[in-house]
Amino acid sequence: GEWLLNVCFVQKAEENLLPAGHVVAKNQLELGSWNAPELMIENRVVNNMSVVTPNIDHEDFNYIFVSGEGFELAFSRRDGFLCGYRLGGAELLAEGAKLTPNFWRAPTDNDYGAGLQRRYAAWKTPGLKLGEISAEMVDGLAVVKADYTFASIPGTLTLTYRINNVGAVEVTQTLAASGEASNMFRFGMQMPMPASFENIEYYGRGPGENYSDRKGEAFLGIYDQSVTEQFYPYIRPQENGTKTDIRWWKMTDNSGKGIIVMAEDPFSASALHYTMESLDDGPVKHQSHSPEVKKADLTNFLIDKVQMGLGCVTSWGTLPLEQYMLPYQDYSFRFVMAPAK
C-alpha cells in the first residue's frame, strides 16, 4: 500500500541553452508509507495433501545437506557457510563460492582520502572462526545454526538459516559486540553467483547507483535492469553500483530461474560482474583505471542491511555525517531468499 507522487518541472519550449523537455526540477512525494509485510517462512501446503517437510542429512563427514522438493543446500562443516544452493535444477552459487558475511567495500576515493582502508582494515579479513554448527528440525523447518568468533575483533557472530520445503531460506546474521573496534563499511552478506544470473528486477531507488547519503534524486520504483549495466567506470576502480531502500530484489537467469530477496526492513544491494578484490587497490591507492579491471566469470551479489555513506564533502579526509557512519555495535539482519517464480 505504498503511494508515491512523482513531480517534474519540465522546460516547455527551448530557451537559451535549455532545450524543450529539459527537467528543471523533480521530487518524489510520499503519500502512503511503506509497511513491510511480515517476514515469515513456512512450508508450502498443497490442498488435501499432507505437508512434506525438508530433510536433513547428517551422514556426510564434510557437509550437512538439507533437501526437499526441487532443491538441495549444502553447509560446510569446516566453516559453517552455505556452500551449495541448487534450486529448480539451477546452482545459485558460483563454483567454489559461499554465502559469507561481509563488512568491507572496495574503498572509494573519499575512503582513501580519510585513510579508512587502514583504519577499518580489521573488517576486511576479520578471521571468522567457527565454534559450533548444528542442524535440527524445528516446527517442520530445517534450522542450521553456526556460531563464530573473530580473530582480530572482540565480539561474536551467529548465522541462522531456516529452510522450508521448497528451498526458501531465511538468513539471520547477528553481531554481538564487545570491547572496542573500528567502524565498518557495511553489514551484510556476499553471494557470488554464476555469471548466467544476468537479470535484475527490484523495487527500490534507481535507476542509477545511490547510497545512504546520496539518494535524494533516485526515485523509488520498480526497475528492470541487467547486471552488465550496473558497473560505473570511475577513473579509479572503487565501490559502485549499490541501490538503497530496496523492498525486494530478484536475480534470475534467462530461463527465469533464480531467487527473490526480501527483508524485514528496506535494505541495500548490488550485483556486478566484478569481484570486490578486483576493485580494491589495497592499503595504497595506485594509478589504476577501471577499464583495466577484468570482468569475473560470476555475478557478485551483495545484500546489506546498511552500508556506510560516501561523504563526498572532500576527498582528503572529511567523513560522512554521523548518521551515515557504521559504529561497532550490535547488529542484526534478517532476510529471505525464495524461489523467484
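1. Burial and surface. Of the 341 residues of the protein, 50% count as buried, where buried means under 20% relative accessible area with a 1.4 Å probe and protein chains only, exposed means over 50%, and partly exposed lies in between. The protein exposes about 16,800 Å², and carbon and sulfur atoms supply 51% of this area; accessible areas come from the Shrake-Rupley method with a 1.4 Å probe, and for residues only the protein chains shown count as cover.

2. Basis of the values. This is a predicted model, in which local features need pLDDT of at least 70 and side-chain atom pairs count only at pLDDT 80 or more, while totals for chains, interfaces and linings use all residues. Residues are numbered from 1 along each chain as its sequence is written, and side-chain values use heavy atoms, with hydrogens and water left out.

3. Overall dimensions. The radius of gyration is 21 Å, which agrees with the value near 20 Å that a compact globule of 341 residues would have (taken over C-alpha atoms; the globule rule is 2.2 Å times the number of residues to the power 0.38). Along the principal axes, the C-alpha atoms fill a box of roughly 75 × 50 × 35 Å.

4. Secondary structure. The protein comes to 2 helices and 19 strands; these are DSSP runs numbered from the N terminus, helices being H or I of at least four residues and strands E of at least two.

5. Strands 10, 11 and 12. Strand 11 (residues 156-163) pairs in the antiparallel sense with strand 10 (residues 141-150) over 8 bridges, and with strand 12 in the antiparallel sense over 8 bridges; pairing requires that DSSP find at least two bridges between two strands. Tyr148 stands opposite Leu157 in strand 11. Strands 10 and 11 form a hairpin with 5 residues between them, and Gly155 in the turn has a positive phi of about 105 degrees. The hairpin of strands 11 and 12 also has 5 residues between its strands, with Gly167 in the turn at a positive phi of about 95 degrees.

6. Val169. This residue lies in strand 12 (residues 169-176) and is the bridge partner of Ile163. Val169 is buried, with a relative accessible area of 0%. Val169 and Met337 are 168 residues apart in sequence, yet 5.2 Å apart in space, C-alpha to C-alpha.

7. Arg247. Located in strand 16 (residues 243-252), Arg247 is buried, with a relative accessible area of 9%. Its side chain reaches the backbone oxygen of Asp245 at 3.0 Å.

Technical notes: A polar contact is a pair of N or O atoms within 3.5 Å; within protein, one must be able to donate a hydrogen and the other to accept it, and residues adjacent in sequence count only if both atoms are side-chain atoms.
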